[in-house]
Amino acid sequence: MDKIRIRGGNTLSGEIPISGAKNATLPLMIASMLSDETLTLRNVPRLADVQLLNRILGNHGVDMSVDGKRHGSTGLAGDTVHLTARQIVDTTAPYELVSKMRASFWVLGPLIARCGIAKVSLPGGCAIGTRPVDLHLMGLEALGAQIEVEGGYVVASAPKGLSGARINFPKVSVGATHNVLMAATLAKGQTVLENAAREPEIGDVAECLNKMGAKISGIGTSTLTIDGVSRLNGATHQVLPDRIETGTYAMAVAMTGGEVSLTGARSDLLECLFPVMEQVGAKMTETSHGITVSRNGQGLAPVDVDTSPYPGFPTDLQAQLMGLMTKANGTSRIRETIFENRFMHVQELVRLGADISLDGDTALVTGVDRLQGAQVMATDLRASVSLVIAGLAAEGDTFVNRVYHLDRGFEQLEKKLSACGAEIERVSA
Ligand code: UD1
């Protein structure tokens, strides 16, 4: 199995192109199931999760083709992908596939909306908490779906089709918002989603659905109004840039010092990060090409940050911030409010010499003078990249095992970092 080897100590300088957002690409691909015409997506990142979702959608009858280079080739520009769900040939999403990628559960809404029936495996637990799906089911039931859970599967039907409803989510959920939003586009009448998630990736999907003929208003707010239509057509849509990848590389530069231009990044998607980075002692500047990040000379200052739904500080950057704060001059307090148990990276950062103590949902990170390279293990996508950030500042070699977690969500990470001067490579174990 491959590992990433990092020899810490180099500053970063140069340019890193930011890829299309994974968390928009996955639901956009799923949205193709709502139409029998072709949905073309541009700027699709080459990620293991995209390939896996391609297999899952293929099982339902979605045909996917990629323009030009073969999927997985080495260029850094995103792929243009065509998805056509001429006919849904199978309305079952089996455990073997859904358990590998939680977002594939989101096929449930589109399947019920388009076919009136669906049988989708419950996604099961995962490394960052229990992650239930009650809000997804509550929303779809409100639209008129009859839902039973049998043998680990959600079995849903809507023999008379779905009907619009007013749904107030008791808790903000990105996935439940995607799932119910997609289903509501084809429901009869009007649906209003209150306390909907406002993550930019939801706005991106809603804009794409509108290009497909949906009638969604309130995009970017926590109240989405959807006037159902009888069918959706094909469309072409450009995936928005990945704000989590952007924030990750910004923190890598803050860690090493230097100056890097994150080309294609959008500052409006990451407003919460600017004040945090300023406090840390790094400079983020909006430019005509993206965002430039730099840190010269001075050390890192500690922070006090709570994760929260958008526009708050994203849980998907919590591990990276913790990696960065292992070298701050003082003690940082980082509180995780979205997922219980999203601290799997703590023990691995400690292996590199970090000083971190946990108290419930809060981590206290006291910066140390030296991190030392070690063998560490990636436990989930964002946790694994926090180890890379720490490894960039550690003395000697850090080996990050279980690299497949990184490949799920970071396109050509080692290539992007080594082009800016990092000593990082993929090695076969
Ligand atoms: C998505 C993102 C993930 C991010 C997360 C929070 C994708 C592919 N994944 O995951 O990267 O970390 O949003 O920003 O976009 N919950 C319930 N019941 C439900 C659904 C969720 O209680 O039915 C809870 C979860 O356990 C969690 C919280 O709500 O505590 C937020 O989860 P949610 O926003 O749904 O996360 P995902 O959509 O799974």
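## A buried arginine in a helix

Arg382 sits in helix α12, which covers residues 381-391. This model is predicted. Is Arg382 buried or exposed? Its relative accessible area is 5%. The cut-off for buried is under 20%, so Arg382 is buried.

Now compare sequence and space. Arg382 and Glu148 are 234 residues apart in sequence. From C-alpha to C-alpha, Arg382 and Glu148 are 33 Å apart in space.

## The chain as a whole

The chain has 429 residues, and 57% of them count as buried. Its secondary structure comes to 14 helices and 24 strands.

What box do the C-alpha atoms fill? Along the principal axes, the box is roughly 65 × 45 × 40 Å.

## Around the ligand

How many residues surround the ligand? The count is 19. The closest are Asp134, Ser173, Val174, Asp316 and Ile338. By type, the shell divides into eight nonpolar, five polar and six charged residues.

Where does the ligand lie? Domain 1 takes in residues 2-19 and 241-428, while domain 2 spans 22-238. Both domains give residues to the shell, so the ligand lies between them.

## Contacts with the ligand

Ser173 reaches the ligand with its side chain. An N or O atom in that side chain is 2.6 Å from an oxygen atom of the ligand. Val174 uses its backbone instead: a backbone N or O atom lies 2.7 Å from a ligand oxygen. Gly175 also uses a backbone N or O atom, and the distance to an oxygen atom of the ligand is 2.8 Å.

How much of the ligand does the protein bury? Taken alone, the ligand exposes 740 Å². The protein buries 90% of that area. Two elements give two or more residues each to the shell: α5 (134-142) and α6 (174-184). Helix α5 gives the most, with three residues.

Met138 and Leu140 both belong to helix α5. Met138 has a relative accessible area of 29%, so Met138 is partly exposed. Leu140 has a value of 0%, so Leu140 is buried.

Each residue can also be paired with a partner farther along the chain. Met138 and Ala176 are 38 residues apart in sequence and 9.0 Å apart in space, C-alpha to C-alpha. Leu140 and Asp204 are 64 residues apart along the chain, and their C-alpha atoms are separated by 21 Å.

Arg46 is in the loop between strand β3 (38-44) and helix α2 (48-60). Its relative accessibility is 9%, so Arg46 counts as buried.

Most residues other than glycine have a negative phi, and most peptide bonds are trans.

Asn43 has a positive phi, near 65 degrees. Asn43 is in strand β3. At 18% relative accessibility, Asn43 counts as buried. Asn195 also has a positive phi, near 60 degrees. Asn195 lies in the loop between β11 (190-194) and α7 (200-211). With a relative accessible area of 29%, Asn195 is partly exposed.

The peptide bond exception is at Tyr310 and Pro311. A cis peptide bond joins these two residues, with omega at about 10 degrees. Where is Pro311? Pro311 lies in the loop between β18 (304-306) and α10 (318-325).

Definitions and conventions. Residues are numbered from 1 along each chain as its sequence is written. This is a predicted model: local features need pLDDT of at least 70, side-chain atom pairs count only at pLDDT 80 or more; totals for chains, interfaces and linings use all residues. Side-chain values use heavy atoms; hydrogens and water are left out. A residue is near a molecule or strand if one of its heavy atoms lies within 4 Å of it. A polar contact is a pair of N or O atoms within 3.5 Å; within protein, one must be able to donate a hydrogen and the other to accept it, and residues adjacent in sequence count only if both atoms are side-chain atoms. Accessible areas come from the Shrake-Rupley method with a 1.4 Å probe; for residues, only the protein chains shown count as cover. Helices (H or I, at least four residues) and strands (E, at least two) are DSSP runs, numbered from the N terminus. Ala, Val, Leu, Ile, Met, Phe, Trp, Tyr, Cys and Pro count as nonpolar, Asp, Glu, Lys and Arg as charged, and the others, Gly among them, as polar. Domain bounds come from an automatic or database domain assignment. Buried means under 20% relative accessible area, exposed over 50%, partly exposed in between (1.4 Å probe, protein chains only).
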